[in-house]
Amino acid sequence: MKHTIFKAFLATSLIALTGNKQAIRIKAPTYPKTTKPISQSSLSSSATNMYTIQQSGRYYLDTPLQANPGGTNRNVIKITASNVVLDLSGMTISQVHTNTQSGLNGIDIASGVSNVFISNGFINSLSDVGINVGTNCNNIRVFNVVTNDCDGGGAQFDTVTSRSE
């Protein structure tokens, strides 16, 4: 069983946080104040990207998302815009247990996107990667996100130019 706990805060570099049990509070960057909910009814099973974030802003899950893709190589959430805050709100993104389609990513960040903050939730039981970050992305932050049993791994970063632990 693949199990990854993100105890990292990725900006220009990856900083490993201590393993203590104290709550660590990190303020999200300032982005547009408009918030947009993402719910189960927002998903399109026939689209390559079941939900696409195409505009800067704050987004949050208001229900758990159980993806039931109608084909292979899909993304539950695709982020194509810069300056996005995605709060998983303690909810879970997962693949319906009876769906055997391969290549399902939880969150896919398009190449060249900057300033994305993903926090506070779970990504479980997907047939590919929990969080996939494209090339030439900058200032991508993942905090307090747990991935479990994703066949392609918890996270994949196509290009990381500097890293410190």
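A residue is called buried when its relative accessible area is under 20%. This cut-off will be needed at several stops of the tour, which passes through a predicted model.

**First stop: Asn 139.** Select Asn 139, which is placed in strand β14 (residues 138–148). Is this residue buried or exposed? Its relative accessibility is 14%, so Asn 139 counts as buried. Display the side chain and look for its polar contacts. One of them reaches the side chain of Asn 115, at 2.7 Å. Another joins the side chain of Asn 139 to that of Arg 141, at 3.0 Å.

**Second stop: the open sheet.** Next, show the strands as a cartoon and select β5, β8, β11, β13 and β15. These five strands form an open sheet, and they follow one another in the order β5-β8-β11-β13-β15 with parallel pairing. Which strands stand at the edges? They are β5 (49–53) and β15 (153–157); each has a single partner strand, and therefore one side of each is left without a neighbour in the sheet. From one strand to the next, the twist averages 15°. In general, the strands of a sheet pair through backbone hydrogen bonds, in either a parallel or an antiparallel manner.

Zoom in on β5 and on strand β8, which covers residues 74–79. The two strands pair in the parallel sense over four bridges. Select Tyr 51 and look across to β8: the residue opposite is Ile 77.

Side chains of opposite charge can pair when their charged atoms come close. How far apart are the closest N and O atoms of Lys 78 and Asp 108? The distance is 2.5 Å, and the two residues form a salt bridge. Lys 78 belongs to strand β8 and Asp 108 to strand β11 (residues 104–109), so the pair ties together parts that are 30 residues apart in sequence. Both Lys 78 and Asp 108 are buried. A search of the whole structure finds one salt bridge.

**Last stop: two cysteines.** Finally, select Cys 137 and Cys 150. Cys 137 has a relative accessible area of 16%, so this residue is buried. Cys 150 also counts as buried, because its relative accessibility is 1%. How many disulfides does the model contain? With a disulfide taken as a pair of cysteine sulfur atoms within 2.5 Å, the count is zero.

How values were computed. Residues numbered from 1 in each chain as written. Predicted model: local features only at pLDDT ≥ 70, side-chain atom pairs only at ≥ 80, totals over all residues. Heavy atoms only, no water. Pairing = 2+ DSSP bridges. Axes fitted to C-alpha atoms, helices over the stretch in contact; angles between N-to-C directions. Salt bridge = Lys/Arg side-chain N within 4 Å of Asp/Glu carboxyl O. Buried < 20%, exposed > 50% of the residue type's maximum accessible area, 1.4 Å probe, protein only. Polar contact = N/O pair within 3.5 Å; in protein donor to acceptor, adjacent residues only side chain to side chain.
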